[in-house]
Amino acid sequence: MSALIVQSLYKIFGSRADEAVRRLADGKPRAEALAGLPATAAVIDANFEVRPGEIFVVMGLSGSGKSTLIRMLNGLLQPTRGSVRVDGVELTTLKPAALRKLRREKVSMVFQHFALMPHRTVLENAGYALEVAGLPKAERRERAMDALRMVGLTEWADNLPHDLSGGMRQRVGLARALAAGTEILLMDEAFSALDPLIRREIQDQLLELQAELGKTIIFITHDLNEAMRLGDRIAVMRDGRIVQIGTAEEILTDPANDYVAQFVADVDRTRILTAASVMEKPQQVLDVNAGPRVAAKALRESQTSVVYVTGPMKRFLGTVTEDEVLRALREGRPHLDGYVSTERVRTVTADTSVADLFADCAESQHPVAVLDERDRLIGVIPRITLLSALAAATPDEPTQDQVELVGTKGEPA
Amino acid sequence: MSLTQSPLDSWLPRVPLGAWTESAVDWATGALGPFFDGVAAVVEALVRPLNDLLTGVPAVVVVLVLAGLGWWLRGWKFALGTAVGLGLVAGMPYWEETMSTLAQVLVASTLALLMAIPLGVLVAENKRASAVARPVLDLMQTMPAFVYLIPAIFFFGIGTVPGVLATLVFSMPPGVRLTELGLRQVDKEIVQAAESFGAPPWMVLLRTKLPLALPTIMTGVNQVIMLALSMVVIAGMVGAGGLGDVIMFALSQVEVGSGFEGGIAVVILAVVLDRLTDSAGDRFPSARAQRLARQAA
C-alpha cells in the first residue's frame, strides 16, 4: 500500500475556482487557460503515489507550485479540488481536530528557514511535537534527546537556536520532525538555505539516517543535483503541473519533454549515470577450463585482443591476452588456467557512478570489467564507450540508441 | 458654514452631525446612567487607594523604589538618573500632584492595556474584526484630545473619573495596533511549524505567537503609557487634579514659574516611565532571544 496518494489535486488562489479548474482540466498551459479569470493556479491536476520508505522528490523552479503542493499534504493549505490520502485516510474532508491528530501522529515537516522557536532551547524545540502531544516532561526530554543524538547535537541541547550555525539549526529542525515519530516527513526546501558544502554534508546525514530509519520522505527542492542525489523517484513540476515522474536516471536519459531536457542539460551526469547504464556486453567470455585453441578462435572471430575469463559460478577471474593465448598454445597447455591475469584490467561494481569510473578506465589496459554483487561479469566499459555515453546524453540528440539503459535505483513509475 | 457659500453648493444636504451627537449623548446619560455610575465607582476605587498610597508614603521612599526598579531593569546609571530627576521633583512644591498624576496614569494605562491587548489579539486573528476596528481606532487617535473631555463630563461630571476615562480612550489605540502588528509580524513559517505538528490554535497563540510578538506588544505598552501621561495633563481641564491642574492654573494666571515646574515634573515622569517600560520588555527571554537573533542576522 502507498504511504501517500494524491489524485487530481488542484489549488487555485483567487475567486471563481470552479471555472478555473474546468478550464485547466483539458491540459492547456495555465497562462492561456486562466486568461481573464481573477484566479491563479498553483497546483494543477497533481497525481502521484509515494511508497513507504522511499524518498520522493518534487523538483521545480520557484513559482512551479511545489511549496503549495507540499502544504496540501498535511492540510496547512486546503486543496481546491482533488484528494490526498495519508495512510488510507482522506485528508481533505477531515475536521480541524482530526487533521491536527493526523499531523501529530502521521506527518511532520521540516522547513526551509528552519522555523525554530527562537525563545526555546534546542532541546525544547526538538521536543515540540511531543509537547503538543501532551507527553510528560521526562519522556519528552528523553525522546527529544534521542532525536538530537541522531543528528549529533546533544551537547547543544540547552543552547538557544541563535547560538547554532545554519546547518546545525536545520539539524534541530530535522530532529524535531524525527522526535515526533511520524512515518512521513515533509521537507520543504529543507537544505536550500544552506551553503553548498554544508548542504552536501546534511544531505549525506539525511541519507544515512534514512538508511537506518526508512521513513517516507517527500522532499521539495529547486536544485536538480540535490533531487538526483536524494530522490529514489523525482517528480518534475512546471507551472503548477507535474510533467514527469521517474528515477534520476529515467529523467536524465529519457526526459518527457523539452522543458525537462533543458532542465537536466547542465546536471553533472557523471554523478547520476552508473557503470550499469553505460556498460556494454563483453564480447569474449570464456570459462577457465576452455582450451587455448578455443580462445584463439574466439579472438580471431571477434577481432579483439583480449578474452575475459570466468571461473566456477561464473565468477570473474581476469583476462587473457593474445600473447598469452599464443604462449599457452606453444607450451601445449590444455587450459587457460595459469595464464589468467588481473593486472591489466580493473573491476567495478554496477552502481559505481561514472564520475568514479574515469580513473579505473585510464589505468585499465583493457575495458573495465563490471561485476555484480557475486563477482559475476555483467559487462565491460571500453574507454570509447565511456566518452560517447557522456557526449551522447546531451538533450539535443537521441540518447536511447547510444546508451544502453539499465535502471538500478528503482522500477519505473 | 461660511458666509460666502457658493450657490453651487446650496444643493448639498445639511448634515446636523453635532445635533445628532448631542442627542445621542443626552440619551446615553439618561438611559445608561446606572452603568456609568458603576464604571465611575470602579475607577474611583482603583485610583483613590493608589493615590493615597503614593502621596501617603514619604517622597524618599517612592524615589528609592523607582530608582531600585531602574537599577534592576537598566543598571546603576539609570537608577542614579531616576533618583536625581525624581529628587528634583520632590524638591519642588508639586510632589503630591506628581504622585496623583502617576496614580491616574497607572490606572488609566492598565485599564487601557487590559482592553487593548485582547482586542489586538482579536483583530490580528480575525480579518472582519480588523476591518471594523481600523476606522474606529483611526477616529480615536485623530480626534483632538480635548473633545473626549466633553462627553466624559456629561457622563461622569467633574473630577478624576472623567479624566481617567478620557485618558483611557485616548491612550488605547496604540496598544491595539501594536499588538495586532506584533502578532502579524510573527514569522509565518514558525507559525506553520507549530501548526504542522498539530498544535491547536490556542497553543499556537499562547506559546508561539504571543511570546514572539512580545517586543512589539511592549512597545505598545510603552506608547499607551506615554499617551496616557500626555492626556492626563489635558484632563486637568476637567478638574482631574494632579499636574494638569497645576499647569492649567499657571496658564490661566500666566505664571511662568509654576507652569515650568509643572512641565518639568511631567517631563521627568515621562522619561522615567518611558525608559522603565522600554526595558521591561527585554526582561522576557523571548525578547532577548529575538534581539540576539536579529543582531546575528
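**Entry 1: a charged pair**

I began with two side chains, B:R207 and A:E131, which meet in a salt bridge at 2.6 Å, N to O. I kept in mind that this is a predicted model. Next I asked how many salt bridges the rule finds across the interface of chain B and chain A. The search gave me one. For polar contacts I noted seven residue pairs across the interface, with both residues at pLDDT 80 or more.

**Entry 2: the side of chain B that touches chain A**

I looked up which helices of chain B each supply at least two residues to this side, and found α9 (188–196), α10 (201–234) and α13 (285–296). Of these, α9(B) gives the most, with seven residues. Sorting this side by class, I wrote down 14 nonpolar, six polar and three charged residues.

**Entry 3: the whole interface**

I found 23 residues of chain B in contact with 28 residues of chain A. Together the two chains bury about 2,100 Å², and 66% of that is on carbon and sulfur atoms.

**Entry 4: aromatic rings**

My search of the whole structure turned up nine aromatic pairs over all chains. I picked B:F36 and B:F156: their planes stand at 80 degrees with ring centres 5.3 Å apart, so I labelled the pair edge-to-face. B:F36 belongs to helix α2 (residues 33–56) and B:F156 to helix α7 (residues 149–156) of chain B, so this pair links parts of the chain 120 residues apart. Are the two buried or exposed? I found both B:F36 and B:F156 buried. Last, I saw ring pairs join B:F35, B:F36, B:F155 and B:F156 into a cluster.

How values were computed: Residues numbered from 1 in each chain as written. Chains lettered and ligands numbered in written order. Predicted model: local features only at pLDDT ≥ 70, side-chain atom pairs only at ≥ 80, totals over all residues. Heavy atoms only, no water. Contact = heavy atoms within 4.5 Å. Buried area = accessible area lost by both parts, 1.4 Å probe. Salt bridge = Lys/Arg side-chain N within 4 Å of Asp/Glu carboxyl O. Polar contact = N/O pair within 3.5 Å; in protein donor to acceptor, adjacent residues only side chain to side chain. Helix = DSSP H or I, 4+ residues; strand = E, 2+ residues; numbered from the N terminus. Nonpolar A, V, L, I, M, F, W, Y, C, P; charged D, E, K, R; others polar. Phe/Tyr/Trp six-rings, centres within 6.5 Å; stacked < 30°, edge-to-face > 60°. Buried < 20%, exposed > 50% of the residue type's maximum accessible area, 1.4 Å probe, protein only.
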